[in-house]
Amino acid sequence: MAAVLLVAPGSRKASNLQANLRSADRRELVASHGPRLTKYVPGSGRWARFRRFHRRHVSDTSGVHRDLCAEKPFIATCVALALRSPADSQLFSHPADTGDRWTPAMAESSLESSNMSCNSSRLMYPSRNHTHSSMPLSKQSYSVLSAFCSEGNIAQCISYINQEMSSLGFPALCNELDSGGDLKAVSVLNNMYELLQLHRRSLRALEELETEQLKSASHLEHLKLCNSRLKEQLEQSRRESTGLCERERQLQMKVKSLQNCLKNEKEEVQKLQNIISSRASQYNHDMKRKEREFSKLKERLNQLLIDKKDKRLAIEVLNYVGRSDGKRSLWKTGKTEARNEGEMYQTLLNDYESRQKELLVENAELKKVLQQMKKEMVSILSPRKHSQKGETIDDSLDLPGSENEEEVCDSSRETLELSCEHAREQLTNSIRQQWRRLKNHMEKLDNQASLVQNGSLGDNEVISRKSHEETVEKLKLEIQQCKDFIQTQQQLWQQQLSCPCDDETAALLNDCYMLEEKERLKEEWRLFDEQKKNFEKERRNFTEAAIRLGHERKAFEEDRAMWLKHQFLNMTPFLDRNKSQSALKSPEASEVTVAPESQYHNAFSTPKAAPAKIPSTADLYRTLRLLPDHGSPRSQPKNGNWQDSDVILSRDVSAKSGFLGAADCSIYSLVGTESSPN
Amino acid sequence: MNFSEVFKHTNQLCRVSPDGKYLATCVQYRLVVRDVSSLQILHLYTCLDQVTCMEWSSDSQFILCAMYKRALVQVWSLEQPDWHCKIDEGSAGLVSSRWSPDGRHILNTTEFHLRVTVWSLCSKSVSYIKYPKACQKGLDFSRDGRYVALAERRDCKDHVSVFVCDDWQLLRHFETDTQDLAGVEWSPNGCVLAVWDTCLEYRVLLYSLDGRLLSTYSAYEWCLGIKSIAWSASSQFLAIGSYDEKVRILNHITWKKLIEFEHPATVSNSKAVVYKEMERRHVGGCDDLTLHHQITLGGSLFNTQSKYEICPLPVQIPVVKPDSDRANPKVGISSMAFSVDSRYLATKNDNMPSCVWVWDIQRLRLLAVLEQTAPVRCFQWDPRRPRLALCTGSSKLYIWSPAGCISVPVPVEGSFPVQSLSWHSSGQALILLSKEHLCLCYLETEAERGDVASS
């Protein structure tokens with residue numbers, strides 16, 4: 001419908017042209033250009049709007065067109081749409097704002113074109129379209145143009161053109177009112193310009209469209225090619241499928257035939273089996289018959305032989321010999337029969353007895369082995385159990401059982417000879433139990449072993465070993481490195497030595513050697529120094545000891561002098577008695593605790609303090625004529641050394657010499673000897 | 001190892017007396033009795049015709065010579081050379097003749113197995129046993145000589161009769177559950193009787209002396225079944241050799257299968273030793289021929305040397321494909337023998353004719369395979385020691401013992417293809433038989449060996 005609408009003006013115009021020009025070929029042109037006209041319609045700005053609308057619409061409407069729109073140039077679709085169906089063509093006639101405006105316009109234009117109605121803005125475009133569409137027509141008919149206008153019909157031409165123009169929506173070329181009036185140059189020019197523009201635009205559009213056409217044509221070509229190829233493929237696959245179907249059919253036929261064969265074979269087998277069985281039975285039957293005949297014949301022959309009284313059938317013996325056992329043969333009687341029976345049973349009995357004996361022996365041996373095994377198992381398993389009593393639940397559970405087993409063991413041994421059913425059961429049960437336990441144990445061990453092998457067990461030994469190995473490895477590496485280092489050094493040395501060197505380097509080398517020497521000497525020097533130091537130290541010690549000795553001697557002399565003085569002064573015993581008695585108590589009590597400590601600290605000072613009292617006691621003893629042995633050994637070491645040692649000295653020579661030796665040796669040893677009596 | 005000179009014989013008739021003192025041989029219609037130690041001829045008897053069967057009585061007093069063609073049996077006494085006895089079966093014919101264990105009765109089987117005639121040398125009495133069955137081994141004396149089991153066929157059914165040998169009284173008579181009984185054999189202790197069915201059915205039935213069925217054993221169905229049977233000397237094992245190339249051993253308590261010995265074409269058992277006989281032809285150079293030739297010209301010129309080599313496993317054993325569309329196909333275990341101490345079992349599989357298999361019964365496994373260059377003709381265990389002698393029809397004697405294997409060429413002028421052999425009861429000598437000659441082979445005894453070692 002849209003197409004009709006669109007073409008309508010064209011056709012109308014064509015009819016006008018027809019009327020005016022009466023040219024057959026022109027008509028043809030129109031006819032040929034008719035469809036093109038419709039195509040040109042969208043060239044204008046309104047077309048853009050239409051496109052926009054159409055797009056929108058298409059997006060709204062069914063997906064049938066969507067792909068078409070997307071793929072193909074729009075114009076083609078438009079045309080296609082226009083040509084397709086009324087429903088589709090309504091798109092043009094019934095849409096919203098633009099279409100609304102447009103369709104009536106179209107109608108108007110179609111109507112008004114005949115009436116030469118005024119140019120409205122609304123009519124503008126469609127009419128322009130028409131003019132535009134007619135452009136190629138005019139172009140074509142250029143040659144005719146000369147015939148169109150001549151000197152004589154200018155006015156007519158003008159009016160005609162004017163009319164045409166106005167009908168096409170252009171401003172009038174001349175004033176309508178004065179029909180034969182002049183042309184309005186401006187409007188003519190404008191129109192001209194407009195027409196030219198239109199023309200150019202249309203040309204462009206034409207070009208575009210042509211390229212589009214080409215493109216689409218090539219596309220079409222391509223699609224056709226594709227199509228044909230696909231068709232070929234389809235054909236081929238069809239052929240293949242038919243081939244396969246054929247093969248399948250053949251195979252199925254084969255299968256069927258084979259199945260039939262199988263069936264036949266089975267039947268054949270069945271038949272043959274039947275035949276065989278029937279033949280076998282027949283054969284057996286015949287055999288029996290023949291055998292019967294045979295036996296009958298035998299019987300007959302036997303009879304004949306006996307009846308014939310064969311003279312040859314005889315035995316010629318010079319004289320009968322005795323039996324090998326020397327006995328005479330016995331008559332066959334019931335008695336001999338019974339005897340034979342008895343003997344037979346005797347033999348059988350003997351055989352069974354011997355066999356039973358063998359079995360008994362074997363059984364006993366097996367039992368022995370079983371017992372032994374059990375015992376060994378118990379002995380193997382029990383220590384482990386004791387050590388790991390609380391370790392596993394299984395073991396603890398088994399414990400009562402094992403106790404039972406001990407009993408069983410004994411009881412079974414008792415009943416071994418009897419081979420009592422009950423005992424046997426118990427024995428086997430206990431063996432089984434033990435065996436299970438052993439197996440468990442073995443499995444456990446196995447697991448452990450596997451764990452150890454896997455290295456997942458956190459065993460100390462393993463780790464230590466590993467670390468050991470690692471360290472060994474490391475050390476080896478180090479050694480290797482060191483060796484390498486040494487080697488390289490040696491090599492360097494060699495190089496150094498081997499390479500020709502000047503004096504300086506020689507000197508340096510010499511220096512190097514000297515350095516070594518120096519180093520050695522230094523070492524020696526150091527050793528020497530050390531020794532020297534040691535010697536010094538010793539010497540100092542000696543001197544110190546000597547000084548100390550000197551001091552001591554001095555102190556001793558002093559003490560002695562003091563003592564002598566005291567003695568000299570206390571010649572009278574009466575005065576001394578009270579003093580000594582009190583002194584006897586007091587120093588004893590105090591010095592028992594104090595003296596040992598003070599001995600070391602003031603080894604030289606104590607003698608100074610002590611003489612004031614102690615000589616008095618000693619003197620007291622002496623004066624009292626008491627035995628010095630009782631008191632002195634105890635008091636002596638507590639009270640002091642030198643004056644007491646003197647006391648000892650006077651009595652015991654050997655002790656004195658010991659003391660002296662000690663004093664000579666060194667201060668340390670002296671202290672040692674001093675402490676030893678304590 | 002010493003060899004005697006060669007004597008003639010016919011029909012492989014050459015027997016040593018049970019006491020081991022005499023050697024009887026038949027040459028055509030003559031019977032020669034020699035002293036075993038000196039090989040001096042002691043007696044020479046002349047029979048009426050060529051002898052087809054000869055047998056010593058159990059007490060070594062009498063010799064039975066049967067002439068089947070003429071249905072005649074002649075008996076000779078060793079103590080009284082002029083004593084003679086002639087039994088004529090007449091028109092009934094004769095197919096088999098044998099001594100009873102007491103040595104005073106002779107059992108003759110007539111033609112067509114019509115009957116068994118029992119002739120006595122002590123009295124005039126003659127007994128007949130009817131319906132004997134013609135089969136592989138229809139008659140068997142127990143080892144102690146007290147009973148005899150006889151297979152019978154009556155009313156198309158198999159029966160076994162047990163007689164007391166003393167007075168030929170029927171002790172037991174029972175029907176056996178067999179299709180077609182093939183043989184009966186007493187266990188060495190005389191208490192169990194093994195009865196086996198024809199080769200079409202694999203079935204062994206074990207009967208007690210008193211006729212009770214102890215057990216039935218059947219390994220498989222449909223295929224060809226039992227080919228041979230052997231009791232161990234201790235009566236403890238019963239070996240059954242069958243057409244499926246296997247030996248099955250039953251035990252004497254449950255009579256169930258103890259083990260199954262296969263005879264594979266490829267020996268890959270790592271514990272078995274395969275002794276392979278390697279022949280070495282005498283191929284000397286020209287110079288060798290000049291001197292050596294003259295020396296050895298004597299007899300061993302055409303003889304080949306052979307020795308055993310231990311083959312590294314696995315070993316492929318030559319197999320002869322049997323002709324399947326002929327009766328009695330050459331496949332399966334045809335002969336078996338237990339050693340005297342029941343420790344070893346020697347077997348021969350017919351489609352591996354050049355091999356003898358030795359099995360250890362104590363460990364129930366293959367012990368050794370002796371692969372010969374020629375098909376084995378005969379093998380026999382030493383009656384005293386566990387050693388096995390075999391021959392292959394070549395002029396060599398082969399002896400296996402647990403210690404090893406040796407091959408000894410028979411040092412006889414010309415060739416001496418040993419067809420069969422038999423041990424002297426003392427185990428100190430072997431009688432080797434070729435087609436027409438015989439030769440004694442004396443084995444070193446321990447005492448002699450000791451002497452040799454000391455000197």
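User: In which helix do Arg539(A) and Glu536(A) both lie, and how many residues apart are they?
Analyst: This is a predicted model, in which local features need pLDDT of at least 70, side-chain atom pairs count only at pLDDT 80 or more, and totals for chains, interfaces and linings use all residues. Residues are numbered from 1 along each chain as written, chains are lettered from A and ligands numbered from 1 in written order, and side-chain values use heavy atoms, with hydrogens and water left out. Helices are DSSP runs of H or I with at least four residues and strands are runs of E with at least two, numbered from the N terminus. Both residues lie in helix H16 (residues 503-569) of chain A, about one turn of the helix from each other, that is, three residues apart.

User: What is the distance between the closest N and O atoms of Arg539(A) and Glu536(A)?
Analyst: An α-helix has 3.6 residues a turn, so residues three or four places apart point the same way. A salt bridge requires a side-chain nitrogen of Lys or Arg within 4 Å of a carboxyl oxygen of Asp or Glu. Arg539(A) and Glu536(A) form such a bridge, with their closest N and O atoms at 3.8 Å.

User: Which residues are joined into one network by salt bridges that share partners?
Analyst: Over all chains, the structure holds 35 salt bridges. Glu201(B) and Arg203(B) make one of them, at 3.6 Å from N to O. Shared partners link salt bridges into one network of Glu291(A), Lys133(B), Arg153(B), Asp158(B) and Asp180(B).

User: Which helix gives the largest share of the positive patch?
Analyst: Patch residues have over 30% relative accessible area and no salt bridge; like charges are joined within 9 Å, and nonpolar side chains (Val, Leu, Ile, Met, Phe, Trp, Tyr) within 5 Å. Lys and Arg count as positive, Asp and Glu as negative. The patch consists of Lys288(A), Arg292(A), Lys296(A) and Lys157(B), and Lys296(A) is exposed at 61% relative accessibility. Three of its residues, the largest share, come from H11(A).

User: Which residues form the negative surface patch?
Analyst: Glu207(A) lies in helix H11 (residues 185-308) of chain A. This residue is exposed, because its relative accessible area is 54%. The patch is made of Glu207(A), Glu208(A), Glu210(A) and Glu212(A).

User: Is Cys156(B) buried or exposed?
Analyst: Cys156(B) sits in the loop between strand E15 (147-154) and strand E16 (157-164) of chain B. Its phi is positive, near 60°, although the residue is not glycine. With a relative accessible area of 9%, Cys156(B) is buried.

Notes. Accessible areas come from the Shrake-Rupley method with a 1.4 Å probe; for residues, only the protein chains shown count as cover. The place of a charge is taken as NZ of Lys, CZ of Arg, CG of Asp or CD of Glu. Buried means under 20% relative accessible area, exposed over 50%, partly exposed in between (1.4 Å probe, protein chains only).
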